[in-house]
Amino acid sequence: MTSPVVVLIGPPGAGKSTVGALLAERLGVGYRDTDADIVATAGRPIAEIFIDEGEPHFRELERAAVREAVERHPGVLSLGGGAIMDDGTRKLLTGLPVVFLDVELADAVKRVGLDAPRPLLAVNPRKQWRELMEKRRPLYTEVARAVIATGERTPGQVTEAIMDALELRTAAGDAPRAAHREEQA
Ligand SMILES: Nc1ncnc2c1ncn2[C@@H]1O[C@H](COP(=O)(O)OP(=O)(O)O)[C@@H](O)[C@H]1O
Ligand SMILES: O=C(O)C1=C[C@@H](OP(=O)(O)O)[C@@H](O)[C@H](O)C1
Ligand SMILES: [Mg+2]
């Protein structure tokens, strides 16, 4: 059993998927995103799973995807924004290097407005986003080892901030401890 070198959490539009991929590249480790895992396993897009089988079914698939990745993936792992609502998932994250990517409503809405539709934000996205963030913020904060504000940062700058916060650099700067940890796994 091996666990991720970084787990990214936060609301939709925080940049978890974008930054996760960049960070993995920067650290020279693998990247996984539980949303992508769910889509691959189910063989259909997330919006379709929500519409046809409902959110509870999606959450079951998500719980299984997070468990599998947390137990087996040694690289960078990005979760879907709602994954931390599950008690079991929060327990699984205990002790892991979890980073909460924070973002304000205005930036998040600008970002997700430009991206593929997210079923929870399909109608009245500003209101939906604000309400889900109110419920989730305490849980994101509870499980996070570091909180990074993403509003004024590019994805590259967020990546740097995560590496600084988790001290994922050696003195050489570009030979990350992450790669060393993966070798040991
Ligand atoms: N720091 C950032 N600044 C500007 N745009 C960003 C930033 N991070 C992500 N984005 C953009 O926001 C959108 C949503 O990003 P994504 O990584 O899918 O977020 P999440 O996985 O947290 O929902 C994408 O179009 C992405 O390019
Ligand atoms: O916040 C949520 O409940 C969700 C966020 C999405 O992922 P991102 O946070 O990567 O957008 C995706 O898992 C699904 O649409 C539900
Ligand atoms: Mg994502």
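Guide: Ala, Val, Leu, Ile, Met, Phe, Trp, Tyr, Cys and Pro count as nonpolar, Asp, Glu, Lys and Arg as charged, and the others, Gly among them, as polar. This is a predicted model, in which local features need pLDDT of at least 70, side-chain atom pairs count only at pLDDT 80 or more, and totals for chains, interfaces and linings use all residues. Residues are numbered from 1 along each chain as its sequence is written, while chains are lettered from A and ligands numbered from 1 in the order in which they are written.

Visitor: How many nonpolar, polar and charged residues does the shell around ligand 1 have?

Guide: A residue is near a molecule if its C-beta atom, placed from the backbone, lies within 6 Å of it. The shell around ligand 1 has six nonpolar, eight polar and four charged residues. Of these 18 residues, G15, K16, S17, T18 and R111 come nearest.

Visitor: Which element gives the most to the shell around ligand 1?

Guide: Helices (H or I, at least four residues) and strands (E, at least two) are DSSP runs, numbered from the N terminus. Here α1 gives the most, with three residues.

Visitor: Is A14 buried or exposed?

Guide: A residue is buried if 20 or more other C-beta atoms lie within 10 Å of its own, exposed if 12 or fewer, and partly exposed in between. A14 counts as buried because it has 28 C-beta neighbours inside 10 Å. A14 is found in the loop between β1 (6-9) and α1 (16-27). In that loop lies G15 too, and G15 counts as buried with 24 such neighbours inside 10 Å.
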